[in-house]
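Open the model in your viewer and switch to a cartoon view. Keep the selection panel at hand.

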Amino acid sequence: MRRLPALPLLACLLLAACDRAPAPASGGAGAAVPAADPAQAVLAASQRFAALRSFHAELEVLGAPQPVRSAMDFVAPDRFRVETPAGPQTIIGDTMFLRAEGGVRQVPTPPGLLEQWRNPLPADALPADLQAEDLGSQTLDGVETRHYRLRGAQPSERLEYWVDAKGLPRQIVRSGNSNGRSFQLRLRYSRFNDPALRVDLP
């Protein structure tokens with residue numbers, strides 16, 4: 001199997017810059033999720049998720065000097081708003097708008113770096129590429145999901161999906177090593193295609 005994608009840019013920023021953490025939670029309801037071919041189920045969930053027009057995410061990173069928590073909103077085609085202990089940060093296209101010292105500074109970001117937030121698997125991934133296994137049904141925040149695990153090229157690399165009855169990922173957990181340090185990154189998703197979500201220029 002190919003190596004799992006690198007730690008996303010915003011998670012790296014959080015690991016480097018944040019040392020405190022507010023922590024919201026999400027909930028919902030759902031029906032039982034039937035078993036399916038693990039690799040096909042994960043790929044289909046990733047494709048459905050990448051096609052969403054908007055979503056809300058709760059991020060937790062373990063492996064920093066202190067646990068890091070943040071929240072993020074996405075609105076298609078290319079708008080992200082991240083709530084961090086340092087304040088809200090906005091990314092539109094290839095520009096990050098950093099709020100600091102009472103002002104807003106524009107910082108260029110390479111195109112495509114944030115696409116992992118919409119699909120953590122390679123765009124050209126095939127079922128044969130994935131060492132996927134079905135870990136059974138699991139209730140997550142009151143929502144019935146199916147739990148899948150993918151293994152990476154290294155023993156410490158692991159990517160886990162919790163997929164709901166609509167075939168969308170409710171939670172993704174990535175475990176591995178970055179710069180010689182173990183980490184676990186957890187994303188919980190909600191507010192799929194919510195028209196009330198907006199990401200405006202700061």
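**Whole chain.** Start with everything selected. This is a predicted model. The protein holds two helices and eleven strands. Along the sequence the pattern reads α-α-β-β-β-β-β-β-β-β-β-β-β. Of its 202 residues, 45% count as buried. Now show the surface. The accessible area is about 10100 Å², and carbon and sulfur atoms account for 51% of that.

Eleven strands form an open sheet with antiparallel pairing, in the order 6-5-4-3-2-1-11-10-9-8-7. Which strands stand at the edges? Select 103-108 for strand 6 and 131-140 for strand 7. Each has a single partner strand, so one side of each lacks a neighbour in the sheet. From one strand to the next, the twist averages 20°.

Select residues 68-75 and 79-84. These are strands 2 and 3, paired in the antiparallel sense over five bridges. Pick M72, and find its bridge partner V82 in strand 3.

**The core.** Show side chains for F55, L121, Y161, Y189 and F192. These residues have the most contacts inside the largest nonpolar core, which has 34 residues. Several elements each supply at least two core residues, among them strand 1 (54-62), strand 8 (143-151), strand 9 (158-164) and strand 11 (181-190). Which element gives the largest share? Select helix 2, at 38-50. Helix 2 contributes six residues, the largest share of this core.

**Last stop.** Residues 24 or more positions apart make up 56% of them.

Methods
Residues numbered from 1 in each chain as written. Predicted model: local features only at pLDDT ≥ 70, side-chain atom pairs only at ≥ 80, totals over all residues. Heavy atoms only, no water. Pairing = 2+ DSSP bridges. Helix = DSSP H or I, 4+ residues; strand = E, 2+ residues; numbered from the N terminus. Axes fitted to C-alpha atoms, helices over the stretch in contact; angles between N-to-C directions. Core = buried A, V, L, I, M, F, W, Y, C linked by side-chain atoms within 4.5 Å. Buried < 20%, exposed > 50% of the residue type's maximum accessible area, 1.4 Å probe, protein only. Contact = heavy atoms within 4.5 Å. Areas by Shrake-Rupley, 256 points an atom, 1.4 Å probe, with all protein chains shown as cover.
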